[in-house]
Amino acid sequence: MKPLSAKIAGVTESATIAISNKAKAMQRQGIDVISMSIGEPDFATPQHITDACIDALKRGETHYAPSSGIPELLNAVSEKITKENRFPCTPQQVIVACGAKDAIYEAMEAVLNPGDETIILTPAWVSYEPCVQIAGGKTVKHAVNQKSFQLDDSLLERVNKKTKMIVVNSPSNPSGAVLDKKSLQLVADLCEDHDIYAMSDEIYEKMVYGKEHISLASLGDMAQRTITINGFSKAYAMTGWRLGYAVAPKEIIAEMSKVQQHSISQVTTFAMYGGVAALKGDQSCVEEMRKEFDRRRKYVIGELMKMGYETAPADGAFYAFVKVNGDDVDVASRWLDKGHVAATPGAAFDAPGWIRLSYATSMDRLKEAMDRIKRVG
């Protein structure tokens, strides 16, 4: 047999999904595992969103739609971006993808050439680097300040003639940190001074606690060179819907559209009507979930501090990023094998010595999980 793709062979599997799969396998064996490993809200999708999808099905919205998305959703996204994220956006600058991850992959394919370098700020979500690799690019990793989780002028040292893109994720998965305006302005200045594209993953923008979310594209002329990634999975508890989007200059959207046309063709037609309802409907459901996440955040961070753990600033998303003594993989394995609590080692995020805990589960289960971690140490 001839060898398979060397490019794909060099891509690692998703650590978060691998750990979630192991936890589910243990659960099938009858073991009571509390999963804090995957970023999935435990809430049901709000009813008005589900109803919009059902209504679309009933009226026969089960056929092909425009590849980039139905006009109603493109319009809703552009209106949302202009109003909430504070930079101009037209429907022609939007593409709807099968989740934010798909939008990120398409953007990497559309922008990068073999050998182009992409700066990834670490700790970083597990799929950025594989998406760069699949597109033929190279990653350059730059660690944020390990106390403030903000950026400083050391980022300048990573930029060279091969730098094509900088990836920003705020609020951050895995750390929960929210980049302040000074950090974002540093990225903006670098991009404008060196003619670099930026990708700003803002999927957790609605999950912010006591801080301000700032869209990178709203700074100066950054809308002309920024690909803003967002979606519905986190804010609206729609993980299984696989519905996300990207906003970018028209020429980038045109190239992303080519990738989409020859891969997924389009997002599921009737699901997109749920997306319209999410953006155009009552937003109180989002605030209710945010408040509950905040309540859980305060509890988990408080309990970890009582145990003597140090955590990253948990100002956004729904993760506690915990600094541990010893090897993070060994500690996470002990928590799973002995405490039956599934967590993700920081090594998966290029942050050895840390562990990510998702508090997107019920308070009762979180209390039990903290007790188990306390027992096994």
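How much space lies in the second largest cavity? I found about 60 Å³ there, taking a cavity as a set of points, on a 1 Å grid over the protein atoms alone, where a 1.4 Å probe fits but cannot get out; a volume is the space filled by probe spheres set on the points, which are joined across faces, edges and corners.

This is a predicted model, in which local features need pLDDT of at least 70, side-chain atom pairs count only at pLDDT 80 or more, and totals for chains, interfaces and linings use all residues. Residues are numbered from 1 along each chain as its sequence is written, and side-chain values use heavy atoms, with hydrogens and water left out.

I looked up the lining of the second largest cavity, where a lining residue has an atom within 4 Å of a point, and noted Lys80, Glu205, Tyr236 and Leu279 among its residues. That lining divides into five nonpolar, two polar and three charged residues, with Ala, Val, Leu, Ile, Met, Phe, Trp, Tyr, Cys and Pro counted as nonpolar, Asp, Glu, Lys and Arg as charged, and the others, Gly among them, as polar.

I then turned to the largest cavity, which holds about 150 Å³ of space. Of its 17 lining residues, I noted that Leu121, Pro123, Val144, Asn169 and Ser172 are the closest to its centre. Strand S3 (117–122) and strand S5 (163–169) each give two or more residues to this lining, strands being DSSP runs (E, at least two residues) numbered from the N terminus.

How values were computed:
1 Å grid on protein atoms, 1.4 Å probe; cavity = no way out; pocket = protein on both sides within 12 Å on 5 of 7 lines; lining within 4 Å. Helix = DSSP H or I, 4+ residues; strand = E, 2+ residues; numbered from the N terminus.
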